[in-house]
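Look at the structure below before reading on. The text then goes through it part by part.

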Amino acid sequence: MFSSARIVCRSRHPSTPFFRQNQACGLYRWVCNDRCSSKQCFLNETLGSYECCHEACAGGCTGKGANECVSCKAFSLDGECVASCPHRMVNDKKMGKLVPNPNGRFVYDRYCVKECPKELLIERETCVRHCSDGSHHDMTKNTRQCEECKGPCPKVCQLTKPLTGSLLRNLTNCEEIDGFIEIQDSRMQGKDGFNSSDLNVLKSVRMVSEYVQMAAQTISPGSLSFLENLEFIEGRSLVSQKYSLVITKNDNLRTLGLRKLKTIKAGNVIIYENHMLCLANTINWTSILQKHGEARILTNMNESKCAVRKLVCDPNCNPASGCWGLGPKMCAKCRNWDLNGICVEKCPNTGYYEDDLTMICRPCYSQCLTCKGPGAHECISCRNMALMDNSSRTCIDSCPSTHYEEDKECKPCHKSCYDLGCTGPRDSIGPGGCNQCKYAVITKNQTIDHCLFAPSSQIEVCLANNLQGHFTSALAMEGVEELHCDPCDEECVTCTSSGRSVLYNGCICRGRSSCHELCDRSFGCTGPSEFECKQCSIAVVTGIGNEPNMCVRECPEHLPFLDDQKICQEYDVKKKMKVVVGTVVMSVFLILVAVIAVVYCRCITIERKLKKVEIDNYIDIPEVAPIDPTARSNMSRVNLITRGELHTKGIQLGAGAFGVVYAGYWFPKGKGKIKVPVAIKLVKGADKCTGKEESEMLDEAMKMSMMRHEHLLRLVGVCLHEDGIQLITLLRPLGNLLNFLKKHKTHLCGKDLLLYCYQISAAMKYLYEHRLVHRDLAARNVLVKRPNHVEVTDFGLAKMLDYGQDKVKVEEGKVSKFLTNYSEVAIKWLALESLKEQCYNHRTDVWAFGVTCWEILTFGQSPYQGMDICAIKNFLREGNRLSQPNNCSSELYQVLLQCWMANPESRPTFLMLNERFLTFCRVPHLYVGDPSTPQTYVETTSQKDLLRELLDDNDTDFTDPLNYFESENCASENPDLILESEVFPMPRTACRLQSTGSHRYQTDPMIKTPSRPSELGTDSMNYLIPNAKISTEQHATLYTPVVVNENGTTELVSISDYYNEANHKADYYNEMKSTRRPLETMREIREVVEVEKVSSL
């Protein structure tokens, strides 16, 4: 099925590949459901039904097929959408190799093209503007291919602006300019100017991809010699779409100096109005420009004037090609020979040879004096020595150690000299022979006769040279490096060492019989028979009695076994020995096993006895749970304040579910007559107070006393009076942030809003690091200490996580599955998992932080305004979130959305949020827009006047709570760019309008009020209270916001300016209607007092 659709009409342009002449605007897409894999369909007017577009289409189609697409998802090939372009090389299965594909295409943007545009390069099968890393375009080849670099790639510098001093400093060692070189007199004389000598940094440039232009007028250089190595101008972009070399209006320019310029691949040349320029018209521009290229040389110095000034080409320059300047070095082409870039009449007689093909004098091999080519074997005469190898001659610096010098030629030494050097061709030591022998023959007089050569093993050097009657010796001898052949004793035919001993010297005596072959010749014999051997070589049979031993080839049958002494035995001695050794080893092993078994049994018995004794004397000791070793006990001190140190003014500031707040003074003990304006929070009267409520008050006091942070409100002290627990904090006349935003939104800018968010994130980061879950973070629970300093307060719902615990689980009550027992919960600030499972952790505080930031950015608007409380849970589960504020950038809104991710693990931590908002605060105008310019600021000293009016006390002799304990505050955590003491206009007529806890504290029943109290549902716009609690709290008090004028009169404030107005639509599940107190009973109500973070005394 196709969905009921949205039909889109689109104008077409003739340049699109799908344009039809008869259809300038037509139906090209129908929004359809998942039936079509392309998610697009069109109306077939013939059949009257909707059909799917081709999968390759993007943005709709006008018919079936890939050629009817409005646009392509991937690539367009001749008007047809394809997934990829045809490869230019394909595999030929028959030939087994890649062959060119006649239908292959290049990839250019989203199109498959036959040829790349002329201004682009080609890398593999793609048209590119720049080669990728590791490859470059070889300018010497007439191709546009990007090739892999052989060695370091040439340095490529991008230059897309006329030259300035700063740009020139960045062009050091650049070989290729990707862009253009443009020199203007205005740039040379400007603030970032440069002079002609600074242009020498361009001497390394060999190629410019676009054009070269110079118009420097009176400050022009004398020549373009700073581009003397420029070889190529590619002309990918042209001046006025026509010229690639433009030299105009340069009053000091005398010669061009572009001596290596070979090719201008595109564009024309224009050189005019250079009144001192000569020789430009001598250049054969036709050989430099491509086909159809044109050179215009106009209005330069007359040729006759140039001749008078001797500005003419050198005689060695080719007249047909001209020259770039004066001297033989500036010839465009030489008349005769080119010697290292200088034109000469002929090449030097030595060190060079003439290359007839290129007319260049090329250098010979370094050892050649004269030559016929560049190689070492092409020398005609040598500078030093000539090495003759067969019929070839090689010039070298000196003869190698295997040759000797004779008439400046190196001739080979005798092979017996090896590489030890020689002075002639003989194998003897001395003049005309070897300098030293590796192997040598020694005479009877112990002198060296001559050197030897050993073709194989050096041990057999004497045998290899057929030296009978000699033995090999390794004794050190002067003139011999390794071995020498020494003569045997004259009584020996052969020997193994010097001496006549048959046994020790291996001497075979001259004219005597030898020992039997079964004798061991190393030991000799006493006669020729096998019975006269001193030791047998194979086996011996021991004689019985006086019979001699007999050497045999093998043992007889009755003595078949041969022992280690080569004696034939009746039994196998080795086997018998093995049996004996095995028996001994086995016996030792069995003994060890028996000993181990006895020891083991003894240990088991002892262990059982010890366990029995342990059970009889067992003491129940609880197991110690593993704790983080970095954890430390909390040693913060609580300041206990006596009843006598407090003076209650009787002015009720607000009331909540289990407490009431009064204004008063604190007289610190031992500090003289100092009195400090404070807020005193009391538990409900003794007749209605429960132990749980006092416990909750004390729990809140302990949490406030433990926290020490400049953006967390700290506790002054606790009073444990018999009438109930009292919490004492300092007065904050500027009130909570919610009302502050509403009242002064015309004075606030984006910088201030981001500052509040950053300071709140810093406080929540501190709570996160100290394992405290706030559970009630909102703009109403943030106090304004100064217009640029806020503090997080209201720890009534905070919970401390135990070590090893990662969340707090709240018991479910009986009111609703979304309500929690014993607690008040603000539905609009709750995360999804809190609505489902009533669990709280730092991730749920992150959600509430995102809602709080949304309140700040909207200047105190109510979240989910106009939505029923019961519908919020389903609203969030369907993927909805609070909308993006009008003044909020997409980057900032993205951070808020991350705080509202359904998966808690996907939300950022307060560490991340604190760093993120620090970044926002440094450039606030990029993230929050200002709808209007903030009004002029005033001084903050007006807060003291507000305190005096709030306390209804004309006495000015009290300590300013802004400065109390200020010395203990740590350094500001605000970002560097926002540490300004900026304040907003705070007129005395605009007093605070709401209490700290947003009506969370009920009226003290022990104090009589001049009018009938109103019924109160605790913070009816934001909080949920179980029915069990509501039934006992029907006599709560609300107060009407008023403004006290400077003359003392009062007037009601417009109800529409306040967030918790009684006639708003219910935002919470259990909203209760309340009545207003009469105006005459509200004259003493002043700004809400928020609690300052104060260090304990």
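The paragraphs below start with the whole chain and then turn to single parts.

This is a predicted model, in which local features need pLDDT of at least 70 and side-chain atom pairs count only at pLDDT 80 or more, while totals for chains, interfaces and linings use all residues. Residues are numbered from 1 along each chain as its sequence is written, and side-chain values use heavy atoms, with hydrogens and water left out.

The chain has 17 helices and 59 strands. Both are DSSP runs numbered from the N terminus: helices are H or I with at least four residues, and strands are E with at least two. Of the 1097 residues in the chain, 46% are buried. Buried means under 20% relative accessible area, exposed means over 50%, and partly exposed lies in between (1.4 Å probe, protein chains only). A contact means heavy atoms within 4.5 Å. Among contacts between residues at least 6 apart in sequence, 56% join residues at least 24 apart.

Next come the strands. Strands of a sheet pair through backbone hydrogen bonds, either parallel or antiparallel. Two strands count as paired here if DSSP finds at least two bridges between them. Strand β29 (residues 352–355) pairs with strand β30 (residues 360–363) in the antiparallel sense, over four bridges. In this pair, Tyr353 stands opposite Arg362 in β30. The hairpin of β29 and β30 has four residues between the strands, and Met359 takes a positive phi near 60° there.

Further along is strand β32 (residues 379–382), which contains Ser381. Is Ser381 buried, exposed or partly exposed? Its relative accessibility is 25%, so Ser381 counts as partly exposed. Leaving aside neighbours within four places in sequence, Ser381 is in contact with Cys368, Leu369, Thr370 and Cys395. Ser381 and Cys371 are ten residues apart in sequence, and their C-alpha atoms are 6.9 Å apart in space.

An open sheet of four strands has mixed pairing and the order β34-β33-β36-β35. β34 (392–396) and β35 (403–406) stand at the edges with a single partner strand each, so one side of each has no neighbour in the sheet. From one strand to the next the twist averages 35°. Strand β33 (residues 385–389) and β34 are antiparallel and pair over five bridges. Met388 stands opposite Arg393 in β34.

Two parts carry annotations from UniProt. Its positions are given in the numbering used here, with feature names shortened, and annotations may be inferred rather than shown by experiment. An unreviewed UniProt entry places the feature "transmembrane region" at residues 579–600. Over residues 579–600 the chain is 100% helix and 0% strand, with the end C-alpha atoms 32 Å apart. The UniProt annotation "binding site", also from an unreviewed entry, covers Lys681. Lys681 lies in strand β47 (residues 676–683) and is buried, with a relative accessible area of 8%.

How do the axes of α12 and α14 cross? The axes of helix α12 (residues 842–857) and helix α14 (residues 890–899) come within 8 Å and cross at roughly 145°. Axes are lines fitted to C-alpha atoms, for helices over the stretch in contact, and angles run from 0 to 180 degrees between N-to-C directions. In α12, Val846, Trp847, Phe849, Gly850, Cys853 and Leu857 meet Leu892, Leu896 and Cys899 in α14.
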